[in-house]
Structures are given as C-alpha cells and as structure tokens.
Amino acid sequence: MSSEKHMGSLPTIHHQSGRGRHDGATFMGVSMKHLSLLILLLQNSTLVLMMRYSRVNVDPDQPMYLASTAVFFAELIKLLACVFVLAYKTKSIPRTLYILRKDIIDQPQEILKMLVPSGLYALQNNLLYVALSNLEAATFQVTYQMKILSTAVFSVMMLNRRLTRQKWFALCLLMVGVTLVQLQNVGSKASPVVADSKEEEEFSSEGLEGSMGDELGDASLGDLVDEESGPVQNPFIGLVAVLTSCVSSGFAGCYFEKILKGAEADMWVRNIQLGLSGALFSFLAMFYDRQRIFEGGIFQGYTAMTWIVVANQALGGLLVAIVVKYADNILKGFATSLSIIISGIISVYFFDFEPSLQFQLGTLVVICSTYLYGRPDSAVPGFIRPTKK
C-alpha cells in the first residue's frame, strides 16, 4: 500500500505489490509506463491551470463560486465513482450492497480511523483554492513541492524511516529553490488580476490597502473579489495557504499509512470509507460560507469550467491511482518536472506571468531536487567497498 497522495483530492488507496509483472503491460499498443507518464503529467498540469483560470476569469456580473461547495461536490462525485467501480468489479448489485453493509455499515470503527486524515485533506483541498486564487499557477506548482519535505520529515518522526544523505541533500535543495521562487513575491501587495492580457484595464490601487482587512473578514477565503476590478490576489495569503496545505498533506499521509499498516481491504472499499469522512468534513466546511449560500445559492458562480475543475479534482486522483503502479519514482519525478515547466509556459502566455531570474533559477533547483529525491540511492562503487579476506 502506498502513501502517495495526489493534489486536489483526498488520498486514493492503491496497491503497488508485484510491480515487476506490469513492466511490459500495454494498452491499445501503448506502453502502460508511457501512458502513466502522460496521465500523471495531465493531472499535475491541467488541474492547477484550470483551477487558477476558474479563480481569476470571473465575469464582473457573476459572483465567484465558493471553494467549499466545489470541494464538497468533488467528494460526492468521487464517492459515487468508487461505488460504481466496486459494482463493476463485483458484477452484481446484491454483492455490492453486501460488501457495503459488511465493510462500511457494520464496521463504523473503520470510518472513524479515517476522520483525522480525511479532515486534514478536506482542509488541504479548500486551501488549494485559496492558494491558486492568490498565486500564479507556476509559482504554486513550484512551492507545492514542499509537500515532499513535509512528508519526508513526518515519515521519519511517525514511521521511523531513515533518509539517506542523498535525500536530505535533495530536501535542502528543495528549500533553497522554493525560497528563490518566493523572492519574486517579496514586497508584492494585494492586486487585481486578469486572465487575458487582451482585456487588461488600468486598475486603481488607491484605498485598496485600507479595505483589505474588511474584505478578508467578509469574504470567504480564496473568494476575494473587487466589485470593479475583479479578483484580487494577495501573494502572502497564497504562500501561507500552500505551505499549510503541504504540512497538512504530509502529516495526513503519514498518519494514514501508520493506522492502516498491515490492514488488508479492497482499495475501493477503503476509498469509499475515506470518501464518506471527506464528504462529511467538506459539508461542515460549507458552514463557513452559509450566509453567502443562503443569499446566492449553493451553485452561485458555477460555470462549465467550474464543473470541469470539480470533475478533474474528483476523478483525476482515481485515474492516477489506477495507472501509478506502472510508474516508478523517476517517472513520477519526471512528470512533476514537466508539469512545472508546462505550467510556467502557459502562465506566461495566458496569465501575463513574468518570471524573474530568481524564479527561473529556483524552478531549476526545485526540478533538480525533485529528480534527485526520487532517484534510487547510488550504490557504493566497487573500488571503495571493503574486501573480504
């Protein structure tokens, strides 16, 4: 059982035993290894870019959709998808109902085990919307790699794992790279943002600083919108959100692995148990926006793009869980590096992002550290190995 988690959705459980027998697998003549790379790349890139676009491309006449409702609907879709897959596997509705009753209804203690990780992941999912409402997609992609550091630290503390010098060196590089990337935002103030440079307007910042406190108090986190200028982004809020999300992801992943170590259960049943807890916490999170929901409805601000983001968040993680067993750590790192580059290029052309020299250097350092961390530890050269006499 792997502790690998995917951005933007509650963790999807998958088994990785017997990886060797999958090495030559193909799908419609395409190597599953190459297909898994493509799917990982699309999941890592498209969710971030589409989520960013949906948060900044807001019609002045329409309200911003509420992040808490989007997370809740994503959990419902994921829950239904897991039930559907379980029914497809069993090929029997009565058999499916029996499994659901035996493993879920009759074993509430199993769902209780999921409360801590599912609650933390519900928090993480909401924070992702906050972060992408306030940070460029490329900046988010790079900074979000700090989840590697948090996961590594918690795995040492909670799972008694030992990291090699190579991995510690990679983590130090990661911190340096993320720091360089964030230097671009040092001194940046809250400012309006638009998604298309062709529709740029001159924004007046007079009085913006004085009103930020009131707006943050009245608006839902990640849903800050200036009535005349459109969405307003605050890099500091985005940074705090993404770092908190990284810590939450690392702790929840290691906690989840610790409580389920040695437990045997169907992966789809586990995902249903996790989805039930996640849906509960996501529903409770909507109480934060209850006033706005009462006034504008739960579907306020929803567009076709919003539903695409919700579906990607819900189903993308499940799809990755199915193919990730065909990808080794190097392939995952390669997909992450490519997604960072793609996000940067698209952000330049579609979001008027102007990467500084520090950002470019920091991105390169983060990509190198990601590759180095996932790379197998180098073997000790033969000429320095002690010889037996």
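In this predicted model, the axes of helix α2 (residues 67–90) and helix α11 approach to within 9 Å and cross at roughly 160°. Because angles over 145 degrees count as roughly antiparallel, α2 and α11 are described as roughly antiparallel to each other. The crossing of α2 past α11 is left-handed. On the α2 side, the residues that take part are Ser-68, Val-71, Phe-72, Glu-75, Leu-76, Leu-79, Cys-82, Val-83, Val-85, Leu-86 and Lys-89. Their partners in α11 include Trp-268, Val-269, Asn-271, Ile-272, Gly-275 and Leu-276. Sorted by class, this contact of α2 with α11 holds 15 nonpolar, 5 polar and 2 charged residues.

Helix α11 also meets another helix. The axes of α5 (residues 115–134) and α11 (residues 267–285) come within 8 Å, and they cross at roughly 50°. That angle makes α5 oblique to α11. The crossing of α5 and α11 is right-handed, whereas that of α2 and α11 is left-handed. From α5, Leu-115, Ser-118, Gly-119, Ala-122 and Asn-126 touch α11, where they meet Leu-274, Ser-277, Gly-278, Phe-281, Ser-282 and Ala-285. The contact of α5 with α11 comprises 5 nonpolar and 6 polar residues, with no charged residues.

Charged side chains come into view elsewhere. Across the whole structure, a search finds 5 salt bridges. One of the salt bridges joins the side chains of Glu-136 and Arg-52, with an N to O distance of 3.6 Å. This pair ties together distant parts of the chain, 84 residues apart: Glu-136 sits in the loop between α5 and α6 (137–143), while Arg-52 belongs to helix α1 (residues 32–56).

The database record can be set beside the model. An unreviewed UniProt entry lists residues 35–53, 65–88, 168–187, 236–256, 268–288, 304–324 and 331–351 under "transmembrane region". In the model, residues 35–53 are 100% helix and 0% strand, and their end C-alpha atoms lie 26 Å apart. Residues 236–256 are likewise 100% helix and 0% strand, with 30 Å between the end C-alpha atoms.

Methods: Residues numbered from 1 in each chain as written. Predicted model: local features only at pLDDT ≥ 70, side-chain atom pairs only at ≥ 80, totals over all residues. Heavy atoms only, no water. Axes fitted to C-alpha atoms, helices over the stretch in contact; angles between N-to-C directions. Helix = DSSP H or I, 4+ residues; strand = E, 2+ residues; numbered from the N terminus. Parallel < 35°, antiparallel > 145°, perpendicular 65-115°, else oblique. Left-handed = near helix turned anticlockwise from the far one by under 90°. Contact = heavy atoms within 4.5 Å. Nonpolar A, V, L, I, M, F, W, Y, C, P; charged D, E, K, R; others polar. UniProt positions renumbered as here; feature names shortened; annotations may be inferred. Salt bridge = Lys/Arg side-chain N within 4 Å of Asp/Glu carboxyl O.
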